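Let's take a walk through this model together, one region at a time.

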Amino acid sequence: AAEQGHAKAQFNLGVCFAKGEGVVEDMTEAAKWYRAAAEQGDAEAQLKLGVCYDAGEGVVEDKAERVKWFRAAAEQGHAKAQFNLGVCFAKGEGVVEDMTEAAKWYRAAAEQG
């Protein structure tokens, strides 16, 4: 299903590669499948791909690319991505430091519990 372009299957395959479940652990493959799902708008995949860019796991570390994917998920209402995006703005990592913007994203995440 992942090979046929099903976003949820692509995300799940990424998780398998990230955890080494049923396949040899391979963060490069995990990031590849997260990206495939993320590009189709899967918010959880966008979050995971952002985390990959944050840690340099499976991809070259890139704080701006991390922000791009956190923002994509955050704008869909993903609470963890909203919180992570708030952290990016608070620390000025990948974006210009902006405490107002940080507070906006922290608030959005908090409103979801």
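With a disulfide taken as two cysteine sulfur atoms within 2.5 Å, the count here is zero disulfides. Bear in mind that you are looking at a predicted model.

Next come the helix pairs. Start with helix 3, residues 43-55, and helix 4, residues 63-74, whose axes come within 8 Å of one another and cross at roughly 165°. Because angles over 145 degrees count as roughly antiparallel, helix 3 is roughly antiparallel to helix 4. Their crossing is left-handed.

Which residues of helix 3 and helix 4 make the contact? From helix 3 come Ala 43, Gln 46, Leu 47, Leu 49, Gly 50, Val 51, Tyr 53 and Asp 54. Helix 4 answers with Lys 63, Glu 65, Arg 66, Trp 69, Phe 70, Ala 72 and Ala 73. Sorted by class, the residues of this contact are nine nonpolar, two polar and four charged.

Now follow the chain from helix 4 to helix 5. The axes of helix 4 and helix 5 come within 8 Å and cross at roughly 140°, which makes helix 4 oblique to helix 5. Here too the crossing is left-handed. On the helix 4 side, the contact is made by Arg 66, Val 67, Phe 70, Arg 71, Ala 73 and Ala 74. On the helix 5 side, it is made by Ala 81, Gln 82, Asn 84, Leu 85, Cys 88 and Phe 89. The class breakdown for helix 4 with helix 5 is eight nonpolar, two polar and two charged residues.

Gln 10 sits in helix 1, residues 7-19. Is Gln 10 buried or exposed? Gln 10 counts as buried, because its relative accessibility is 5%. Setting aside neighbours within four places in sequence, Gln 10 is in contact with Ala 2, Gly 5, Trp 33, Ala 36, Ala 37 and Gln 40.

Lys 48 belongs to helix 3 and is partly exposed, with a relative accessible area of 32%. Not counting residues up to four places away in sequence, Lys 48 touches Phe 11 and Tyr 34. Between Lys 48 and Glu 93, which are 45 residues apart along the chain, the C-alpha separation is 17 Å.

Finally, look for Glu 97 in the loop between helix 5 (79-91) and helix 6 (99-110). Glu 97 is exposed, at a relative accessible area of 52%. Beyond residues up to four places away in sequence, Glu 97 touches Phe 89, Ala 90, Lys 91 and Gly 92. As for Gly 77, 20 residues away in sequence, its C-alpha lies 22 Å from that of Glu 97.

Definitions and conventions:
Residues numbered from 1 in each chain as written. Predicted model: local features only at pLDDT ≥ 70, side-chain atom pairs only at ≥ 80, totals over all residues. Heavy atoms only, no water. Axes fitted to C-alpha atoms, helices over the stretch in contact; angles between N-to-C directions. Helix = DSSP H or I, 4+ residues; strand = E, 2+ residues; numbered from the N terminus. Parallel < 35°, antiparallel > 145°, perpendicular 65-115°, else oblique. Left-handed = near helix turned anticlockwise from the far one by under 90°. Contact = heavy atoms within 4.5 Å. Nonpolar A, V, L, I, M, F, W, Y, C, P; charged D, E, K, R; others polar. Buried < 20%, exposed > 50% of the residue type's maximum accessible area, 1.4 Å probe, protein only.
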